Every structure is written in C-alpha cells, then in structure tokens.
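This report goes through one protein model, from its aromatic pairs to its strands, core and cavity. Please keep the sequence and the structure in view while reading.

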Amino acid sequence: TQTSQIQSRGRDVVNLLRLLPGVHYEADIEAMGDSFGSQMPNIGGMRKHWNQVTVDGLNGNELSGTNRMNSSINLDAIAEVKVLLNTYKAEFGHSGGANIEIVSKSGSSNYTGSAYWYGKRDAWNATPWENNRAGLAKPKLHVDTPGFNLGGPLGIPGLWDQGGEKKMFFFYSFEGPQVQ
C-alpha cells in the first residue's frame, strides 16, 4: 500500500530508495531504466557498485561490480522492497554494500486489476528559472505511460477449473512508456 501511494519520479523502483536515510544520488532519474539500467545510489556510505539487487530472488544487477540495475519492473507490479544493511545473514551476502530485495506481486483467490495512464507535458510544467534567466524557451516534453495489471486464480470456466481449492494463480503487469 505504501509503495502505491508514494510518488516516484520516472516511475522507477530505485527512486524509492531516496526516502531512506543515508542514501545519496548523484543525479535525478527521469524515467525507468535511465539509459542502460537504473543507476544505483550510494547507500550507507558504501560504493554504489557494491550494492546487490535481487528481483524475486534472482540477480538484478546489470553485471557484477557495476552500479546499475537491469531488471525493469514497474511500480504497480511490486509487492515489497526491502533494504538490508551491514550485518545480514550469509544467504544475502554477495557484496559488501546494501542488499536490495524486490518482490513482485502474485495472483490471489479473487480477480483484481487496474488500468492507468500517466502523462507528462511541457505545457503542464513551469519554465525552469535557468531558462527564464537566459531567455530560453521551455524544454519540450511529451511522455505517455499507459499500463495495466491483472491477477487472480488460474482457470478457464467450463474448460478447466480448479474446483473449490484454488492453488494456482497468475499476475500480469504491463507498462509501456512512449516518448514523443
């Protein structure tokens, strides 16, 4: 619930780390994935390439020893983000920095879903003060981000049904940013 109610610039999960004490970013992230993966921040004074990211237990770092996360997962598909620092169990130790665990949502016994569209326009923003001072025009910006997610019990009524015991579930999420 907290993740869905927090505004995140660029709809990037790594941007949520800004809320934690001891996190330092060098630059703002405008969009999910930045350029070649989301850039990781310095956490707790450690080097940013020491951070280990896992998405559903799998390695989410671009390459070992880099400061980028290559697993793009949209905010509406995230159930939990956990950051482990310093003294954590050996099962989490792959690096000397922070261990960032991202857990995706899963289906449940009821069908749930949502559809959304986020838009950014230069007409909706103020002109930056640097541009006003230099007499420059407002930067052009036109980004549409449509998406949806759907989850529930797996079964096809009349063809294949799990009966009273629903043990298999699905969750699907899509988000497609479009820059014009």
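Tyr 111 counts as exposed in this predicted model, at 52% relative accessibility. Here buried means under 20% relative accessible area, exposed over 50%, and partly exposed in between (1.4 Å probe, protein chains only). The model is predicted, so local features need pLDDT of at least 70 and side-chain atom pairs count only at pLDDT 80 or more, while totals for chains, interfaces and linings use all residues. Residues are numbered from 1 along each chain as its sequence is written, and side-chain values use heavy atoms, with hydrogens and water left out.

**Aromatic pairs**

A pair of aromatic rings is described by the distance of the centres and the angle of the planes. Rings of Phe, Tyr and Trp (its six-membered ring) pair if their centres lie within 6.5 Å; planes under 30 degrees apart count as stacked, over 60 as edge-to-face and the rest as tilted. The search of the whole structure finds 4 aromatic pairs. One of them joins Tyr 111 and Phe 170, a tilted pair with 6.4 Å centre to centre and 50° between the planes. Tyr 111 lies in the loop between strand E8 (99-104) and strand E9 (112-121), and Phe 170 lies in strand E11 (residues 169-175), so the pair ties together parts that are 59 residues apart in sequence. The rings of Tyr 116 and Tyr 118 have centres 5.2 Å apart and planes at 45°, so this pair is tilted. Ring pairs also link Phe 148, Tyr 172 and Phe 174 into a cluster.

The table gives the accessibility of residues discussed in this report.

| Residue | Relative accessible area | Class |
|---|---|---|
| Phe 170 | 25% | partly exposed |
| Tyr 116 | 13% | buried |
| Tyr 118 | 38% | partly exposed |
| Asp 56 | 44% | partly exposed |
| Lys 120 | 30% | partly exposed |

**Elements and strand pairing**

The protein has 2 helices and 12 strands. Helices (H or I, at least four residues) and strands (E, at least two) are DSSP runs, numbered from the N terminus. From the N terminus on, the order of elements is α-β-β-β-β-β-β-β-β-β-α-β-β-β.

Two strands pair if DSSP finds at least two bridges between them. An open sheet of 4 strands has the order E5-E4-E8-E7, with mixed pairing. Its edge strands are strand E5 (58-59) and strand E7 (78-84), each of which pairs on one side only. Within this sheet, strand E4 (residues 52-55) and E8 pair in the parallel sense over 4 bridges, and Thr 54 has Glu 101 in E8 as its bridge partner. Asp 56 is in the loop between E4 and E5. Although Asp 56 is not a glycine, its phi is positive, at about 55°.

Strand E10 (residues 142-153) has several partners. E10 pairs with E9 in the antiparallel sense over 10 bridges, and Thr 112 has Gly 151 in E10 as its bridge partner. E10 and E11 run antiparallel and are joined by 7 bridges. Here Gly 152 stands opposite Phe 170 in E11, and that Phe 170 is the ring paired with Tyr 111. Strand E12 (residues 178-179) also runs antiparallel to E10, with 2 bridges between them; the partner of Val 143 in E12 is Val 179.

Lys 120 lies in strand E9. The C-alpha atoms of Lys 120 and Asp 144 are separated by 6.6 Å, although these residues are 24 apart along the chain.

**Core and cavity**

Of the 180 residues of the protein, 33% count as buried. In soluble globular proteins, nonpolar side chains tend to be buried together. A nonpolar core is a set of buried Ala, Val, Leu, Ile, Met, Phe, Trp, Tyr and Cys residues joined through side-chain atoms within 4.5 Å. The largest such core has 18 residues, of which Val 13, Leu 17, Met 69, Ile 73 and Ile 102 touch the most other members. E4 and E8 each supply at least two residues of this core.

The structure holds 1 cavity of 30 Å³ or more. A cavity is a set of points, on a 1 Å grid over the protein atoms alone, where a 1.4 Å probe fits but cannot get out; lining residues have an atom within 4 Å of a point. Grid points are joined across faces, edges and corners, and a volume is the space filled by probe spheres set on the points. The largest cavity holds about 30 Å³ of space. Its lining consists of Val 13, Val 14, Leu 17, Met 40, Val 81, Ile 100 and Ile 102. These lining residues divide into 7 nonpolar, no polar and no charged, where Ala, Val, Leu, Ile, Met, Phe, Trp, Tyr, Cys and Pro count as nonpolar, Asp, Glu, Lys and Arg as charged, and the others, Gly among them, as polar.

Note on methods. 1 Å grid on protein atoms, 1.4 Å probe; cavity = no way out; pocket = protein on both sides within 12 Å on 5 of 7 lines; lining within 4 Å.
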